[in-house]
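Please look over the sequence and the model below before reading on.

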Amino acid sequence: MSRKPVVLITGAGGEIGHGLIQKLQLMGRPMITLDLVPIAGDLAGLVRQHYTGSILDKQILDRILTEYEIDLIFHLAAVLSTRGEFAPIIAHQVNVEGTLNMLEFAQHQGESHGRSVTFLYPSSIAVYGFANLQEKNRAGKVCEDLYNHPITMYGCNKLYGEQLGNYYCNYYKQLAALESSMRVDFRGLRFPGLISAQTLPSGGTSDYAPEMIHAAAMGKSYDCFVRDNSKIPFMAMPDAIDSLLQLASVPRKDLSRVVYNVGAFAPSVEQMKKLIFEEFPLAQIGTKIDEKRQRIIDSWPEDVDDSAARNDWGHAPRYDLNSAFRDYLFPKIKEQYHGTK
Ligand code: AKB
């Protein structure tokens, strides 16, 4: 029975999933979704079927395997860095064992349908780590193969998840009699902090940026938990979604790497506060440093070298710092909270 292949999105209820579902629907791509919670009302009508459950539940994955042919997976389910430091074992189970389940699922899909499954894996700048702030500042824009010394469980999980994906893609059961590698066409993106106008993040350490902007727009006071001179790379959510879709569509032969850095802009907290106060002069944004979360931010790079992504598949974010805030975030967030642009 020939069935039209569909896209599977895990962790579909999260920030990336929200925008990705909307974009895939506009592209006319049929999709199914999986998340621990039911799908939000505004998205339910955009997906063919939503499965409420865990990527750790192999029975639900087996059920999906019998019901759908899947040719593209966006594996978004994850426990992020801050939340992972309160429950490191759960983070490992979801981020590593859950990812292993999804890679095995993709392998079975590929074997049963006789073709490879493209597997998009959002990794993170959390895979990087530095001995101290001086080393971070000296390193500047880091390339993929240096400073892979994460200090969070999430970062460790994401780095290993990249290695697992490379194994499934290029070495799976390499000693077995039957050739069965390349059923999983694994592609990873190391995302910076992501800022969405539509949703607020939860459980991340880079959350201070979206939290500040949304608080200002809602007229709520907010204390940033890191120093004003803290600097890591960020990206507007539409660019993050476009980079996932762009990497998913590139012929494998054009890729020189399994995992890519992607960047857009790398502001200090001070630079972001200045833009926010220009837009919301009455904003009440203070500073109340959380030294433990500060140490995580200090372990992440000032910026990333994404030349491989730009050269191999034309990564070119639409938004820089000023346009992200002035053309995307401020008008969209105002519209969301006040109905005005
Ligand atoms: C986090 O803060 O944990 C994430 C990330 C940078 O990967 N937003």
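How many Å is an oxygen atom of the ligand from a polar backbone atom of Thr 205? In this predicted model, the separation between that backbone atom of Thr 205 and the ligand oxygen is 2.7 Å.

An N or O atom in the side chain of Ser 124 is 2.7 Å from an oxygen atom of the ligand, and a polar side-chain atom of Tyr 154 lies 2.8 Å from a ligand oxygen atom. On its own the ligand has 260 Å² of accessible area, and the protein covers 91% of this.

## The surroundings of the ligand

The residues that surround the ligand are Leu 80, Ser 81, Ser 124, Tyr 154, Gly 204, Thr 205, Ser 206 and Trp 300. Sorted by class, this shell holds three nonpolar and five polar residues, while charged residues are absent from the shell. As for the space that the ligand takes, it is the largest pocket.

## Glu 15 and helix α1

Another part of the model to look at is helix α1, which spans residues 15–26 and includes Glu 15. Is Glu 15 buried or exposed? Its relative accessible area is 17%, and because buried means under 20%, Glu 15 counts as buried.

Note on methods: Residues numbered from 1 in each chain as written. Predicted model: local features only at pLDDT ≥ 70, side-chain atom pairs only at ≥ 80, totals over all residues. Heavy atoms only, no water. Near = heavy atom within 4 Å. Polar contact = N/O pair within 3.5 Å; in protein donor to acceptor, adjacent residues only side chain to side chain. Areas by Shrake-Rupley, 256 points an atom, 1.4 Å probe, with all protein chains shown as cover. 1 Å grid on protein atoms, 1.4 Å probe; cavity = no way out; pocket = protein on both sides within 12 Å on 5 of 7 lines; lining within 4 Å. Sits in = over half its atoms within 2 Å of the grid points. Nonpolar A, V, L, I, M, F, W, Y, C, P; charged D, E, K, R; others polar. Helix = DSSP H or I, 4+ residues; strand = E, 2+ residues; numbered from the N terminus. Buried < 20%, exposed > 50% of the residue type's maximum accessible area, 1.4 Å probe, protein only.
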